[in-house]
Amino acid sequence: MKKIMWFLAIIPVIVTSIVLPFMPDTIPMHHDLAGNIDRWGSKTECFIFPVIILFITLFWHLLMRAFEKKAAKGKSEKEQMEGASNAKFLGIVGIAQALMFGCMHYFILYSSFKEAELGSSGAVDIAKVSCVLCGLLFIVLGNFMTKIKKNGVAGVRTSWSMYNDVTWRKSNRIGAYCFMIAGILTVITTAFLDGVVSTVLMLIYVLIAAAVVVVYSKKVYEQEKEK
């Protein structure tokens, strides 16, 4: 799984290296909220995002190793299973984010090339692309949230959800549903609205999902504490 994650993380660097010689020396590097170009820069700046992707991938890689070591050193079968399960989930997170950021970078490269060629903005609505990719990411990760074992790194981590295995399982199950719904709503609304409005709505969906999860987590905790 780590090999797949690193493969996906390295591709943006390779793609950028291949297309850079064909790009103009100066390209759009930033847009305002209205989508207008407000900064131009050197085409070599295109390597910044791929490098960031590599560092994020390294972060997930190190977390995976930590859980793999925990699984190997686990004194009980439960600890070993928890460590292995969480390492696998983090691998899925790493693969999903590398794929998402990679796709985003390819759209940015294309948009920068076309806008430099045309001398104006509007080739691709990057905010809209980002919303669709984030929505898909929420759906994918939500689908795997129910498989996370109790830990302090991934999943729904409130003081209430961490109370015991029951509160953890129920909190993450509702969290999975909420974030999958947030992802579906994000993809649907983005298909009909522009990038700025879609981004605002996506943040609203995520905040509502988080609020529902926190409230439910506390409710489950109170039920367990009464037993």
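This is a predicted model: local features need pLDDT of at least 70, side-chain atom pairs count only at pLDDT 80 or more; totals for chains, interfaces and linings use all residues.

Analyst: Residues are numbered from 1 along each chain as its sequence is written, and side-chain values use heavy atoms, without hydrogens or water.

User: Is glutamate 224 buried or exposed?

Analyst: Glutamate 224 sits in helix α6 (residues 195-226). Buried means under 20% relative accessible area, exposed over 50%, partly exposed in between (1.4 Å probe, protein chains only). The relative accessible area of glutamate 224 is 11%, so this residue is buried.

User: With which side chain does the side chain of glutamate 224 make a polar contact?

Analyst: Leaving aside neighbours within four places in sequence, glutamate 224 is in contact (heavy atoms within 4.5 Å) with Tyr163, Asn164, Val166 and Thr167. The polar contact, at 3.2 Å, is with the side chain of asparagine 164.

User: What is the angle between helix α1 and helix α2?

Analyst: Helix α1 spans residues 2-19 and helix α2 residues 48-73. Their axes lie 9 Å apart. The packing angle is about 170 degrees.

User: How far apart are the axes of helix α4 and helix α5?

Analyst: Helix α4 (residues 126-145) packs on helix α5 (residues 165-190) at about 155 degrees. That makes α4 roughly antiparallel to α5 (angles over 145 degrees). Their axes are 7 Å apart.

Key:
Axes are lines fitted to C-alpha atoms, for helices over the stretch in contact, and angles run from 0 to 180 degrees between N-to-C directions. Helices (H or I, at least four residues) and strands (E, at least two) are DSSP runs, numbered from the N terminus. Angles under 35 degrees count as roughly parallel, over 145 as roughly antiparallel, 65 to 115 as roughly perpendicular and the rest as oblique. A polar contact is a pair of N or O atoms within 3.5 Å; within protein, one must be able to donate a hydrogen and the other to accept it, and residues adjacent in sequence count only if both atoms are side-chain atoms.
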